[in-house]
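Please keep the structure open while you read.

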Amino acid sequence: MTAQPRKTAPPLAQQVIWLTGASSGIGEALVKSLASRCLQLIITARNADKLQQVAQQSGCSNILCYPADITDRDQLHKVAGEIEQQFGRLDTLIANAGTCEYVDVKQFDAELFERVVHTNLVGLANCTEAALPLLRHSQRGYLVGTSSSVAYLPLTRAQAYGASKAATNHFLEAMKIDLAGEQTDVSVICPGFVKTPLTDRNDFPMPMRISAAEAAEEIIRGIERRQWEIHFPRRFTWILKTIAALPAGLRMRITRSMSRNQASASSR
Ligand SMILES: NC(=O)c1ccc[n+]([C@@H]2O[C@H](COP(=O)([O-])OP(=O)(O)OC[C@H]3O[C@@H](n4cnc5c(N)ncnc54)[C@H](OP(=O)(O)O)[C@@H]3O)[C@@H](O)[C@H]2O)c1
């Protein structure tokens, strides 16, 4: 069998793009910079009022708001049905919606684990299921998922969030392998700390934190190049990657020093 010649990816200006998690933070910043560069932007989150507000504030008329919960497959299929009816295809899905809750090992709560994994991992699979048939109607479809740089190495209190994001990387890489023959591209976004309502809740130092607008520009640059791994800020992500590559004993000596539990144990 002869291999199909690789089709070129359409420029952003010709693309129909579906962005989830668009009502806040990184997604909200992406709406502002993406809508002015693409053909049509479809935005999703649970908060319908906030979605409308974000669309209006962008000043762009090529945005459609479809509220949906990514843990609800029926709602996502409804959105996909609307996209199919109006445009007949989807060029890019940016599955950005996500949540973060930190674990307290002294009061381990499996329900917290379920909430985080359900939104971040199962939610991504739900979005993929709804979008994939439409991506196949594109000249060269593109599945993009937002993970995190925490996926590179296990960190304190990140048993649920980190596991959901490590699994996100695994999921997307396996998708990339299996979709290569169909000429559908896949990318993973691994941000370091970005100032958003999600990180505004954190009560610990966040080194090298960047603004949501800076994160959006990094993401759009990576998406235009269809870069497999879009990670930033580079100085921060390379430090994490370097620690992750160390022998386990040394690596855990470094990461253990960040644990509050470790600090309270050694002070007893
Ligand atoms: N900020 C960071 O430092 C950082 C670092 C690494 C990775 N990330 C990842 O980047 C993504 C965006 O985070 P952010 O910092 O921008 O957080 P954020 O400001 O809290 O925004 C999260 C977005 O996801 C939506 N969302 C959450 N649960 C949803 C659900 N069940 N169904 C539909 N939409 C849902 C929220 O909208 P509604 O509440 O209206 O549904 C909101 O639009 C997440 O995947 C996060 O894990 C963030």
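1. Start at Pro233. This proline sits in the loop between strand E9 (229-232) and helix H8 (234-244). Helices (H or I, at least four residues) and strands (E, at least two) are DSSP runs, numbered from the N terminus. The peptide bond from Phe232 to Pro233 is cis, with omega near -15°.

2. A word on the source. This is a predicted model, in which local features need pLDDT of at least 70 and side-chain atom pairs count only at pLDDT 80 or more, while totals for chains, interfaces and linings use all residues. Residues are numbered from 1 along each chain as its sequence is written, and side-chain values use heavy atoms, with hydrogens and water left out.

3. Now the overall picture. The protein has 10 helices and 9 strands. Its C-alpha trace spans about 65 × 50 × 30 Å along the principal axes.

4. How much of the protein is buried? Of the 268 residues, 48% count as buried. Buried means under 20% relative accessible area, exposed over 50%, and partly exposed in between (1.4 Å probe, protein chains only). The accessible surface of the protein comes to about 13,400 Å². Carbon and sulfur atoms hold 53% of this surface. These areas come from the Shrake-Rupley method with a 1.4 Å probe; for residues, only the protein chains shown count as cover.

5. Among contacts in the protein with a separation of 6 or more, 69% join residues 24 or more positions apart. Contact means heavy atoms within 4.5 Å. There are 30 positive and 25 negative side chains, and the centres of the two sets lie 8 Å apart. Lys and Arg count as positive, Asp and Glu as negative; His and the chain ends are not counted. The place of a charge is NZ of Lys, CZ of Arg, CG of Asp or CD of Glu.

6. Look at strand E1 (residues 16-20). Why is E1 described as largely enclosed by the rest of the structure? Because 5 of its 5 residues are buried. Val16, Trp18 and Thr20 are buried on one side of E1, and Ile17 and Leu19 on the other.

7. Strand E2 (residues 40-44) runs parallel to E1, and 5 bridges join the two. Two strands pair if DSSP finds at least two bridges between them. Thr20 has Thr44 in E2 as its bridge partner. Leu19 has Ile43 in E2. In E2, 5 of the 5 residues are buried, so this strand is also largely enclosed by the rest of the structure. Gln40, Ile42 and Thr44 cover one face of E2, and Leu41 and Ile43 the other.

8. Ala13 lies in the segment before E1. Is Ala13 buried or exposed? Ala13 is exposed, at 51% relative accessible area. Not counting residues up to four places away in sequence, Ala13 touches Arg37, Cys38 and Leu39. The C-alpha atoms of Ala13 and Arg37 are separated by 5.5 Å, although the two are 24 residues apart along the chain.

9. Asp104 belongs to the loop between strand E4 (92-95) and helix H4 (110-135). With 39% relative accessibility, Asp104 counts as partly exposed. Its C-alpha atom is 21 Å from that of Leu121, 17 residues apart along the chain.

10. Asn202 is found between helix H6 (197-200) and strand E8 (210-211), and Met208 lies in the loop between H6 and E8. Asn202 counts as buried, at 16% relative accessibility. Leaving aside its neighbours within four places in sequence, Asn202 is in contact with Tyr102 and Phe193. Met208 is partly exposed, at 30%.

11. Finally, check the backbone angles. Phi of Met208 is near 60°, a positive value in a residue other than glycine. Phi of Gln183 is also positive, near 60°. Gln183 lies in the loop between helix H5 (161-179) and strand E6 (185-191). At 11% relative accessibility, Gln183 counts as buried.
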